[in-house]
Amino acid sequence: MTFSTVDHLHMAHALRLAERGIHTTQPNPRVGCVIAQGEEVVGAGFHQRAGEPHAEVFALREAGERARGATAYVTLEPCAHHGRTPPCADALIAAGVARVVIATEDPFPQVDGRGASRLRAAGIIVDTTLMREAARELNVGFFSRIERRRPFVRVKLAMSLDGRTALANGESKWITGEAARTDVQRWRARSSAILSGSGTVLADNPRLTVRLPDGEAFTPPLRVILDRQLRTPADSHVLDGSTPTLVLHGAAEVGAAHGFERVEQMAIATENDALDLSVVLALLAARDCNEVHVEAGPTLCGALFAAGLVDELLLYIAPLLLGDSARPLLYLPGLGDMAKRWQLQVVDQRQLGADWRLRLRRA
C-alpha cells in the first residue's frame, strides 16, 4: 500500500493525540484517532483512561454527520469485542466512514485482526501499517505484555563520569541535578510498576512514588519491593499506604507478614538463594503491568541484566567524579573475552541541565 502525504500527516496527528494518554491509560494502550475529509480534520480524540470511551468514540462525537464518507486514522486496530466499552469497529461502521487507516494491529486475543475484518465485511476500505513502528513504540509495554507475556523492563541508573553510583558508605543524594530528577518522575508516571529491592529500601528509604506538577494526571504505578527475607523496616516510606504496594518474598518468610494498609505480600519461587526474576515479571504481566520502571542498586540491576531481562537502560550521567572506592554501576559476571560483552546502542540522548541522559537498548 502506498500512503499519501495527507495520510502521513493525519496519522502523525493521531500519534500525537495518543501520546497525551501516556500517563493515564494503564493498563490499556495509548490510542489516538483522527477523522478527516481529505485534508480537513473533522474529528479527533484519544483514549484517556481505562473504562472510559476509546479514541474513536471521541473523534466520532466531534465529527458528527461529517464522519460519513470520511477516512478514520487510528493508531491501533479498533476493538471488535464488548469489554468495559462497546466495540469501536461497530461505531465506525454505524458512522458510515468510507476508509480506515490503521497504524498497527492489536495482538490482544479478543481483537487480533477481528476489528479489521469486521470493517472490511461492512464494505469499508481498510489500509494498515502506516507508521507502524512509531505506534508500536508508543505502546512498547502493552505489546511486550501481550506478545511476550512479560512487561517491558526499563532500568534507571545515575552515575558519575567514572561510572560510580554512590559513595562507599552508600550516600548517593544527589548525583544528578534537579532537571534530571524531574525527568525521572515522568518516566515513573508512564510506568505500570516501580520496582526496587530491599537493599535500596534499607539504604535510601525511598518513596518510589510519582511527583508531577499540580494538575497533571497520572495513574499511580504499583510499588513492587523484592524482599526475600522480609527485611523492610516497618517505618519505611514504601509501607506508608500512599499507593498500592506489593512485597514479594521467599516462601520461607510467609509467616512474617507486615499487614499494612494497601500493602500486599506474596511468596514466590527462589533461584540460587534469590527471588526468581522471570517469575516476578510473569506475575506483574498477569497483573496487567505493561512497563516496569526499575530503580535499584547494582546487585538487582546487575541480576536483571545478567538474566537478559532488561529491555531499556535510562542512564543519567553527571559531570563529577566519585573515585574508585565508590560503588559501581552494576555487579555483572566477569567476562573471559570481549566477544561476550554486553553491547548496547543509544536510541536517544539529551542534556538535562548539567547532566546527560542516554536511553540505550541492546544492539
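The model is predicted, so local features need pLDDT of at least 70 and side-chain atom pairs count only at pLDDT 80 or more, while totals for chains, interfaces and linings use all residues. Residues are numbered from 1 along each chain as its sequence is written, and side-chain values use heavy atoms, with hydrogens and water left out.

Side chains of opposite charge can pair when their charged atoms come close. Here a salt bridge means a side-chain nitrogen of Lys or Arg within 4 Å of a carboxyl oxygen of Asp or Glu. Searching the whole structure turns up 27 of them. Let's look at some pairs:

| Salt bridge | N to O distance |
|---|---|
| Arginine 132 and glutamate 133 | 3.3 Å |
| Arginine 361 and glutamate 137 | 2.6 Å |
| Arginine 357 and aspartate 348 | 2.5 Å |

What about exposure? Buried means under 20% relative accessible area, exposed over 50%, and partly exposed in between (1.4 Å probe, protein chains only). Arginine 361 is buried at 18%, whereas glutamate 137 is partly exposed at 34%. Aspartate 348 is buried at 16%, and so is arginine 357, at 3%. Glutamate 133 is exposed at 55%, while arginine 132 is partly exposed at 26%.

Finally, a network of salt bridges links Arg30, Glu137, Arg154, Arg190, Glu291, Glu312, Arg359 and Arg361.
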